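Reader: I'm new to reading protein models. Could you walk me through one?

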Amino acid sequence: MDFWQAVQARQSVRAFDQERDVPSEMVTKLLEAAIRAPSAGNCQPWQFFVVRNEDTKRDLARAALDQWFLSEAPVVIVVCADPERSARRYGDRGRHLYSLQDTAAATENLLLAVAASSLGACWVGAFDEEAAARALDLDPRLRPVAIVPIGYPAKHPRGQTERLPLGSVVKLIA
Ligand SMILES: Cc1cc2nc3c(=O)[nH]c(=O)nc-3n(C[C@H](O)[C@H](O)[C@H](O)COP(=O)(O)O)c2cc1C
């Protein structure tokens, strides 16, 4: 699958094939794609937690306001930001903006790699940060940014979600 196909194939998947695992070599490749994301000053203020433990997955689903589908994925990756890493170089802008932009870029790379591997995933952002941090016993310096359940899709894809027309979100300044 080339880049353009992966972009078109990516869609949020919220039901996973319970019979198929995601091998750890595949997870490594996904993470290698994630860390190719750009980051301000190449600070790379991210940390990834690969969760396969069933209790921890359930704790994360509960932290994510009872989004239980995420505990049904064979693997869940939690993308965390390390704001002070960016702040050391860029102060408040690094702490409050770059560290989150960088981890978001890494998350999107991860999702595109998932799509290119014929896997499915969903960016889960609605969660109680403190509960998610507790589930992972996170170092207080880390901030969980995205919870990404990954597995083989259970159902046939439902088709692409709608987008606003390009003309309504693009302004040409010539
Ligand atoms: C920052 C962010 C937070 C999101 N949080 C959730 C979430 O908590 N639960 C969920 O099911 N989907 C979540 N999504 C997925 C969006 O609902 C989805 O990307 C959007 O509806 C477009 O659909 P598509 O991904 O299939 O193109 C989130 C996406 C983003 C980027």
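Author: Let's begin with C80, which is buried, with a relative accessible area of 0%. Buried means under 20% relative accessible area, exposed means over 50%, and partly exposed is in between (1.4 Å probe, protein chains only). Before we go on: this is a predicted model, where local features need pLDDT of at least 70, side-chain atom pairs count only at pLDDT 80 or more, and totals for chains, interfaces and linings use all residues. Residues are numbered from 1 along each chain as its sequence is written, and side-chain values use heavy atoms, with hydrogens and water left out.

Reader: Where is C80, and what does C80 touch?

Author: C80 is in strand β2. Strands (E, at least two residues) and helices (H or I, at least four) are DSSP runs, numbered from the N terminus. A contact means heavy atoms within 4.5 Å. Leaving out residues up to four places away in sequence, C80 touches P45, W46, Q47, F49, T103, L138, L142, R143, P144 and V145. Take P144: that residue is 64 residues from C80 along the chain, yet their C-alpha atoms are separated by 4.2 Å.

Reader: How many disulfides are there?

Author: A disulfide is a pair of cysteine sulfur atoms within 2.5 Å. By this rule the count is zero. C80 is in none, and the nearest cysteine sulfur, that of C122, is 17 Å away. C122 is buried too, with a relative accessible area of 4%.

Reader: Next, helices. How does the end-to-end span of α4 compare with that of a straight helix?

Author: The expected span of a helix is 1.5 Å times one less than its number of residues. Helix α4 (residues 83-116) has 34 residues, and a straight helix would reach 50 Å, but its end C-alpha atoms are only 30 Å apart.

Reader: Where is the kink in α4 centred?

Author: To find a bend at a residue, you take the angle between axes fitted to the seven residues ending there and the seven starting there. In α4 there is a kink of about 155 degrees, centred on Y90.

Reader: Last one: which residues come nearest to the ligand?

Author: A residue is near a molecule if one of its heavy atoms lies within 4 Å of it. There are 14 residues around the ligand, and S12, R14, Q67, W123 and R163 come nearest. Now look at atoms: a polar side-chain atom of Q67 lies 2.7 Å from a nitrogen atom of the ligand. For W123, a backbone N or O atom lies 2.9 Å from a ligand nitrogen atom. G125 has a polar backbone atom 2.9 Å from a nitrogen atom of the ligand.

Definitions and conventions:
A polar contact is a pair of N or O atoms within 3.5 Å; within protein, one must be able to donate a hydrogen and the other to accept it, and residues adjacent in sequence count only if both atoms are side-chain atoms.
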